[in-house]
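Student: Please take one part of this model and go through it closely. I would like to look at the disulfides and the chain around them.

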Amino acid sequence: MGWTVRLVTAALLLGLVMVITGDEDENNPCAQEALLDDDALVCQGLEVFYPELGNIACKVVPDCNNYRQKITSWMAPIVKFLGAVEGATYILMMVDPDAPSRAEPTQKFWRHWLVTDIEGADLKKGKIQGQELSAYQAPSPPAHSGFHRYQFFVYLQEGKVISLLPKENKTRGSWKMGIFLNRFHLGEPEASTQFMTQNYQDSPTLQAPRGGASKPKHKTRWR
């Protein structure tokens, strides 16, 4: 009986600790919240690493330690595709489909980064070395615009020579990404992911990743 009582007591204590830990995680502003529902559909095989945050793919940037401000000034992230094929070349794109806001994305597919001729062996290791058609531009969502999705897509290049038209080089906003993909006969992405963040000045009590203007109403599309 002594051992039975001890085992029951230990089980109850373990359950209590798990409940408390779960409550702490829910209330912890540094806990990395995973994207859910439609926002998670684009998360397919890519990893995106920023300093201090680690792999932020398919997550919301936490509202602590000034992360949402820091990410606006950090250098380009490490992007890994473990499924990349050695000997193949790839194209990497990073876009914001919610510019200037998810409610009114009049400048959607803002081009934050575009790199071609990335060797598969490098992409597998997270070394984004190639021809940079659009230099990396850090996420910088405007104040009071809600949460923005920052999407990453990797396409198989297959020996194609990729370039931007002069008019595309004039601005990053309102990029006709679908037309660009069709122009070079690029199929479905080999891998993709996204993360979400909002302006660091916005209070999390006023905005939520899946509330108001930030709530996705349909499957994520990029064409």
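Tutor: A residue counts as buried when its relative accessible area is under 20%, as exposed when it is over 50%, and as partly exposed in between. The model is predicted. Cys 58, with a relative accessible area of 17%, is therefore buried. Its disulfide partner is Cys 43, and the two sulfur atoms lie 2.3 Å apart. Cys 43 is buried as well, since its relative accessible area is 17%. The link between Cys 43 and Cys 58 is right-handed, with 95° about the S-S bond. Cys 43 sits in the loop between helix 1 and strand 1, and Cys 58 in the loop between strand 2 and helix 2, so this bond ties together parts that are 15 residues apart in sequence.

The count of disulfides comes to two. The other joins Cys 30 and Cys 64, with 2.0 Å between the sulfur atoms. Here the angle about the S-S bond is 120°, and the link is right-handed. Cys 30 belongs to the loop between helix 1 (2-27) and strand 1, while Cys 64 belongs to the loop between strand 2 and helix 2, so the bond connects parts 34 residues apart in sequence. Cys 30 is partly exposed because its relative accessibility is 31%, whereas Cys 64, at 10%, is buried. Counting the bonded cysteines along the chain gives the pattern 1-4, 2-3.

Now the backbone around these links. Most residues other than glycine have a negative phi. Asn 66, in the loop between strand 2 and helix 2 (67-70), has a positive phi near 60°. Asn 66 is exposed, with a relative accessible area of 52%. Glu 52 also has a positive phi, about 70°, and is not a glycine. Glu 52 lies in the loop between strand 1 and strand 2 (54-55), and is exposed at a relative accessible area of 53%.

Strand 1 (residues 46-50) pairs with strand 3 in the antiparallel sense, over four bridges.

Methods: Residues are numbered from 1 along each chain as its sequence is written. This is a predicted model: local features need pLDDT of at least 70, side-chain atom pairs count only at pLDDT 80 or more; totals for chains, interfaces and linings use all residues. Side-chain values use heavy atoms; hydrogens and water are left out. Two strands pair if DSSP finds at least two bridges between them. Helices (H or I, at least four residues) and strands (E, at least two) are DSSP runs, numbered from the N terminus. Buried means under 20% relative accessible area, exposed over 50%, partly exposed in between (1.4 Å probe, protein chains only). A disulfide is a pair of cysteine sulfur atoms within 2.5 Å.
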